[in-house]
Amino acid sequence: MTLDLSAQQLSSTLSQVGERALLYEVAVNPKPGLVDPVSAGPHPDMTVFTFIDSATSLREYLHRCALAGQRFEQTEGELPELFGQLRRLGQHAEQMMFETTNGVNTHKGAIFSLGVLVAATAQQLTVNDKYATNEVIAITKQMLQGLTENDFKKIKATSPASLTAGERQFLKYGKAGIRGEAEAGFPTVVELALPFLRQRQGTTMERLLDTLMRIAGNTDDSNLIKRAGDAKITDWMHVQSNHYFELGGSRTSAGQVFLKQLNEIFLSRNLSLGGSADLLILTIYFALLEGQLC
Ligand SMILES: CC(C)(COP(=O)(O)OP(=O)(O)OC[C@H]1O[C@@H](n2cnc3c(N)ncnc32)[C@H](O[C@H]2O[C@H](COP(=O)(O)OP(=O)(O)OP(=O)(O)O)[C@@H](O)[C@H]2O)[C@@H]1O)[C@@H](O)C(=O)NCCC(=O)NCCS
Ligand SMILES: Nc1ncnc2[nH]cnc12
């Protein structure tokens with residue numbers, strides 16, 4: 001995709017790319033522990049249609065994030081103010097998502113992460129008319145400086161019952177979760193998953209399945225830890241991912257059989273890879289911007 005856009009087109013194009021990334025991710029199958037068009041995995045309250053409804057309900061939100069990024073006038077040290085604007089937009093988008101899905105959490109993680117990246121991309125393309133992923137990440141890091149410290153210092157005053165899974169895991173294991181990943185400039189996405197996807201051969205489906213398994217094998221998915229109730233599940237997941245690649249990944253019939261077996265295990269143990277799915281969405285977003293996918 002060539003990003004040679006007028007100021008007017010920029011926000012619509014970026015929100016469309018964000019929406020496409022959400023839709024591509026749910027279309028990928030067979031995904032272990034996640035909703036896809038063939039199986040809802042361990043998510044009895046969702047189907048692929050819930051995700052389509054949720055993704056399309058976020059179009060307006062992503063457009064607003066892009067506009068915020070495009071209009072923000074950068075002077076040194078002020079990018080965290082842009083994040084303040086995004087958080088307010090994000091809180092509203094979360095409400096819209098829950099209204100659309102009748103209270104089911106489809107895209108809470110993506111509202112946060114994709115909103116930030118869409119705004120950072122709009123800002124990057126306003127400052128420099130040639131698209132560059134590394135510049136988007138540099139803006140993201142400046143925007144999110146202090147996020148982990150600021151968010152987690154507030155939780156001491158929060159009653160234990162109202163802590164989120166991410167907050168509980170920070171207190172119990174010291175894991176900074178999606179906030180840490182975001183503040184560091186999404187290294188799992190830009191240093192691991194995106195380079196992997198760029199060089200991976202095969203159909204779009206095969207490349208995206210392999211990218212998901214690569215992510216799941218190299219991240220602390222707080223959704224997986226929450227469902228398992230034990231952070232050691234991460235080591236188990238990393239072993240599964242290594243085995244999958246030893247079998248040759250999605251292009252081999254052994255790899256395909258293994259994915260289906262893994263889905264059965266996820267189903268029987270009620271495990272989910274929601275955090276890895278979010279990171280796949282972000283990887284797809286960058287790959288679309290770079291013209292690496294159809
Ligand atoms: C900073 C926020 C993301 C808030 O974080 P919060 O503390 O509220 O929640 P976390 O538990 O830390 O995680 C939030 C979602 O982030 C996704 N996620 C988790 N780990 C990772 C990871 N390593 N990489 C990427 N993304 C990650 C995850 O979303 C996915 O899982 C969802 C299902 O989760 P959940 O409902 O908790 O679990 P289930 O077991 O499936 O549900 P039950 O059946 O048990 O009910 C699914 O949607 C995936 O998307 C986490 O959900 C940010 O939200 C924030 O700042 N919020 C405040 C409001 C705001 O400002 N929002 C917009 C900001 S722009
Ligand atoms: N396909 C999917 N299934 C379950 N949770 C998700 N979060 C993001 N994408 C998801």
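Guide: Start with ligand 1. Helix α4 gives the largest share of its shell, five residues. Helices here are DSSP runs of H or I, at least four residues, and strands are runs of E, at least two, numbered from the N terminus. A residue is near a molecule or strand if one of its heavy atoms lies within 4 Å of it.

Visitor: What kind of model is this, and what pLDDT do local features need?

Guide: This is a predicted model: local features need pLDDT of at least 70, side-chain atom pairs count only at pLDDT 80 or more, and totals for chains, interfaces and linings use all residues. Residues are numbered from 1 along each chain as its sequence is written, chains are lettered from A and ligands numbered from 1 in the order in which they are written, and side-chain values use heavy atoms, with hydrogens and water left out.

Visitor: Back to ligand 1. How many residues surround it, and which are the closest?

Guide: Ligand 1 has 26 residues around it. The closest are Arg-87, Thr-164, Gly-166, Ser-222 and Arg-227.

Visitor: How does that shell divide into nonpolar, polar and charged?

Guide: Six nonpolar, twelve polar and eight charged. Ala, Val, Leu, Ile, Met, Phe, Trp, Tyr, Cys and Pro count as nonpolar, Asp, Glu, Lys and Arg as charged, and the others, Gly among them, as polar.

Visitor: Which atoms lie by the oxygen atoms of ligand 1?

Guide: A backbone N or O atom of Gly-166 is 2.7 Å from a ligand 1 oxygen. For Asp-278, a polar side-chain atom sits 3.0 Å from an oxygen of ligand 1. For Glu-94, a polar side-chain atom lies 3.3 Å from an oxygen of ligand 1.

Visitor: Now ligand 2. What surrounds it?

Guide: Glu-25, Lys-31, Leu-34, Val-35, His-43, Phe-51, Thr-106, Ala-277 and Asp-278. They divide into four nonpolar, two polar and three charged.

Visitor: Which residues have polar atoms by its nitrogen atoms?

Guide: Glu-25 has a polar side-chain atom 2.8 Å from a nitrogen of ligand 2. Val-35 places a polar backbone atom 2.9 Å from a nitrogen of ligand 2. A backbone N or O atom of Thr-106 lies 3.4 Å from a ligand 2 nitrogen. The protein covers 96% of the 260 Å² of accessible area that ligand 2 has on its own.

Visitor: Switching topic. Which residues touch the most other members of the largest nonpolar core?

Guide: Met-143, Tyr-285 and Phe-286, in a core of 77 residues. A nonpolar core is a set of buried Ala, Val, Leu, Ile, Met, Phe, Trp, Tyr and Cys residues joined through side-chain atoms within 4.5 Å. Buried means under 20% relative accessible area, exposed over 50%, partly exposed in between (1.4 Å probe, protein chains only). Another core, of six residues, lies apart from the largest one and includes Val-35 and Phe-51.

Visitor: Is Thr-283 buried or exposed?

Guide: Buried, at 0% relative accessibility. Thr-283 lies in α15. Its side chain reaches the backbone oxygen of Leu-279 at 2.7 Å. Beyond four places in sequence, Thr-283 is in contact (heavy atoms within 4.5 Å) with residues including Val-189, Leu-197 and Ile-215.

Visitor: And Ile-225, buried or exposed?

Guide: Buried, at 2% relative accessible area. Ile-225 lies in α12 (222-228).

Visitor: What about the backbone? Where is there a cis peptide bond?

Guide: From Asn-29 to Pro-30, with omega near 0°. Pro-30 lies in the loop between α1 (7-27) and α2 (48-57).

Visitor: Which residues other than glycine have positive phi?

Guide: Asn-102 is one, with phi near 55°. Asn-102 is in the loop between α4 and α5 and is exposed at 72%. Asn-270 also has a positive phi, about 55°. Asn-270 is partly exposed, at 40%.

Technical notes
Polar contact = N/O pair within 3.5 Å; in protein donor to acceptor, adjacent residues only side chain to side chain. Areas by Shrake-Rupley, 256 points an atom, 1.4 Å probe, with all protein chains shown as cover.
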